[in-house]
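Take a walk through this fold, starting with the overall layout and ending with a few individual residues. Keep the viewer open as you read.

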Amino acid sequence: WSFESGLRGGETRGIAGGGRSSASPSLQEMGNLISNAVLGTQIQPATPDPPPPAGGDAWSLAAKGLREIPRHPSGSLDRIRTVDLSQNALCDMPDTFATSLPLLTHLDVSRNSLSSLPASFSFPNLTTFVAAFNRLTQVPEALLQAPCVLEHLRIESNRLTSLPPALRTLPSLC
């Protein structure tokens, strides 16, 4: 298994899990990986792995079986522009998630079990938001409030009961 962080120019680097023949990480290895990537802490596994590259601007935790996102990430995510949390078992998003990612432009939370998003769910630079195949009943108004640069929105296969009126006023939305 590996944790890859995308860099500018399409280059990727990662951390490879060590010592086990299984293709998936142990819970301890996964906890270490999340702690290193999100909290910026250095928990030393039995076989030390190199830290994530400092210049990475992508964070992919797709299909890792995650049930939750750490609630209090530190400033270690300040440079992240792309987050892929798709194909997990997420049921909710922490209220602090949006404030921890000031440069976020692309967020994919598709194929989870999200039934709602925080009311304050807003990202000033977000151009792509993918939340298809969840259990969402509404889209937070804050996501669509000015200044909104959202260009791509995928919310199909949810349980939406209505759409925010602001959705009609976004000229850049595809």
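**From sheet to core to loops**

This is a predicted model. Among contacts between residues at least 6 apart in sequence, 42% join residues at least 24 apart. The chain has 174 residues, and 40% of them count as buried. Its exposed surface comes to about 9,200 Å², with carbon and sulfur atoms supplying 51% of that area.

Next, the secondary structure. The chain holds two helices and seven strands. Read from the N terminus, the order is β-β-α-β-β-β-β-α-β. Five of the strands build an open sheet, ordered β3-β4-β5-β6-β7, with parallel pairing. The edges belong to β3 (58–60) and β7 (152–154). Each edge strand has a single partner, so one of its sides is left without a neighbour in the sheet. From one strand to the next, the twist averages 5°. As background, strands of a sheet pair through backbone hydrogen bonds, either parallel or antiparallel.

Zoom in on one pair. Strand β5 covers residues 106–108, and β6 covers residues 128–130. The two run parallel and are joined by three bridges. Within this pairing, Leu-107 has Phe-129 in β6 as its bridge partner.

Both of those residues come up again in the core. The largest nonpolar core has 33 residues. Those touching the most other members are Val-83, Leu-85, Phe-97, Leu-107, Phe-121, Phe-123 and Phe-129.

What does Val-83 contact, once its neighbours within four places in sequence are left aside? The partners are Trp-59, Phe-97, Leu-101, Leu-104, His-106, Leu-107 and Asp-108. Two of them, Phe-97 and Leu-107, are also on the list of core residues that touch the most other members.

Leu-85 is another residue on that list. Its place is the loop between β4 (82–84) and β5. Is Leu-85 buried or exposed? Its relative accessibility is 1%, and the cut-off for buried is under 20%, so Leu-85 counts as buried. Not counting residues up to four places away in sequence, Leu-85 touches Leu-61, Leu-66, Ile-69, Leu-90, Phe-97, Asp-108, Val-109 and Asn-112. Look also at Ser-60: Leu-85 and Ser-60 are 25 residues apart in sequence, yet their C-alpha atoms are 6.5 Å apart in space.

Follow the contact from Leu-85 to Val-109. Val-109 sits in the loop between β5 and β6. With residues up to four places away in sequence set aside, Val-109 touches Leu-85, Ser-86, Met-93, Leu-114, Phe-129, Val-130, Ala-131 and Asn-134. Asn-134 lies 25 residues from Val-109 along the chain, and their C-alpha atoms are separated by 8.4 Å.

Now stay in the loop between β5 and β6, where Arg-111 is also found. Arg-111 is partly exposed, with a relative accessible area of 43%. Check its backbone: phi is positive, about 55°, although Arg-111 is not a glycine. Most residues other than glycine have a negative phi. Ser-157 also has a positive phi, near 60°, and is likewise not a glycine. Where does Ser-157 lie? Ser-157 belongs to the segment after β7. With a relative accessible area of 41%, Ser-157 is partly exposed.

Which side chains meet in a salt bridge? They are those of Arg-154 and Glu-156, at 2.4 Å, N to O. Arg-154 is partly exposed at 41% relative accessible area. Glu-156 is also partly exposed, at 33%.

Glu-151 is found in the loop between α2 (141–144) and β7. Its relative accessibility is 34%, so Glu-151 counts as partly exposed. Glu-151 and Leu-170 are 19 residues apart in sequence. In space, 8.4 Å separates their C-alpha atoms.

Note on methods:
Residues numbered from 1 in each chain as written. Predicted model: local features only at pLDDT ≥ 70, side-chain atom pairs only at ≥ 80, totals over all residues. Heavy atoms only, no water. Core = buried A, V, L, I, M, F, W, Y, C linked by side-chain atoms within 4.5 Å. Buried < 20%, exposed > 50% of the residue type's maximum accessible area, 1.4 Å probe, protein only. Contact = heavy atoms within 4.5 Å. Helix = DSSP H or I, 4+ residues; strand = E, 2+ residues; numbered from the N terminus. Areas by Shrake-Rupley, 256 points an atom, 1.4 Å probe, with all protein chains shown as cover. Salt bridge = Lys/Arg side-chain N within 4 Å of Asp/Glu carboxyl O. Pairing = 2+ DSSP bridges. Axes fitted to C-alpha atoms, helices over the stretch in contact; angles between N-to-C directions.
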